[in-house]
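Subject: Structure handover

Hello,

Here is the structure I promised you. My notes on its charged side chains and overall build follow below.

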Amino acid sequence: MIGCLNHVAIVVPDLKKAALKYQQTLGAEVSEQQELVDHGVKLVFVQLANTKIELLHPLGANSPISSFLEKNPAGGIHHVCYEVDDINEAANILKDKGAKILGDGEPKIGAHGKPVLFLHPKEFFGTLIELEQR
């Protein structure tokens, strides 16, 4: 069901500083900042030859990643994102297999303008997994 690794997401305490570090120290190409109000985050993507790194920062105190940053003030890896051909088919397969999809279980539009789902980390060895439709 899963395809390519789309990105690895890292929560950072200072988005501008993190983006500059990737640009100036590693010579990486970094996207413009986006704000995803529905997801409570602001982010940039670091472009790599074979995938992306998503740098995330909370958008307001009610952001779902605020508690992650409180527990990990220096930041850290938050989730991995894999591509799927059909997000609705993937959701149905996962539900049939008893997997816990976070939220209401329905896909939402993610940072790339495509439908995404998140799978509970307790079911995947402590790793939050995002699925994104290709």
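Lys 95 and Glu 106 pair through their side chains in a salt bridge, 3.4 Å from N to O. Lys 95 sits in helix α3 and Glu 106 in the loop between α3 and β7 (108–109), so the bridge ties together parts eleven residues apart in sequence. Lys 95 is partly exposed, at 39% relative accessible area. Glu 106 is partly exposed too, at 43%. Keep in mind that this is a predicted model.

A search of the whole structure gives three salt bridges. Another one joins Asp 104 to Lys 108, again 3.4 Å from N to O. Asp 104 counts as exposed, because its relative accessibility is 55% and the cut-off for exposed is over 50%. Lys 108 is partly exposed at 39%.

Arg 134 also forms a salt bridge, with Asp 85; their closest N and O atoms are 3.1 Å apart. This pair links distant parts of the chain, 49 residues apart. Arg 134 belongs to the segment after β9 (128–133), and Asp 85 to the loop between β6 (76–84) and α3 (87–96). Arg 134 is partly exposed at 44% relative accessibility, while Asp 85 is exposed at 58%.

Now a charge without a partner. Which side chain of opposite charge is nearest to Lys 52? It is Glu 83, 5.4 Å away. Lys 52 is placed in strand β5 (residues 52–58). Leaving aside residues up to four places away in sequence, Lys 52 touches Asn 6, His 7, Val 8, Phe 45, Val 46, Gln 47 and His 112.

On charge overall, the protein has 13 positive and 17 negative side chains. The centres of the two sets lie 6 Å apart.

Last, the fold. The protein has three helices and nine strands. From the N terminus, the order is β-α-β-β-β-β-α-β-α-β-β-β. The radius of gyration is 15 Å, close to the 14 Å that the globule rule gives for 134 residues, so the protein is as compact as a globular protein of that length. The C-alpha trace spans about 45 × 30 × 25 Å along its principal axes. Of the 134 residues, 42% are buried. Among contacts with a separation of 6 or more, 53% join residues 24 or more positions apart.

Best wishes

Definitions and conventions. Residues numbered from 1 in each chain as written. Predicted model: local features only at pLDDT ≥ 70, side-chain atom pairs only at ≥ 80, totals over all residues. Heavy atoms only, no water. Helix = DSSP H or I, 4+ residues; strand = E, 2+ residues; numbered from the N terminus. Buried < 20%, exposed > 50% of the residue type's maximum accessible area, 1.4 Å probe, protein only. Lys, Arg positive; Asp, Glu negative; His and termini not counted. Salt bridge = Lys/Arg side-chain N within 4 Å of Asp/Glu carboxyl O. Contact = heavy atoms within 4.5 Å. Rg over C-alpha atoms; globule rule 2.2 N^0.38 Å. Charge placed at Lys NZ, Arg CZ, Asp CG, Glu CD.
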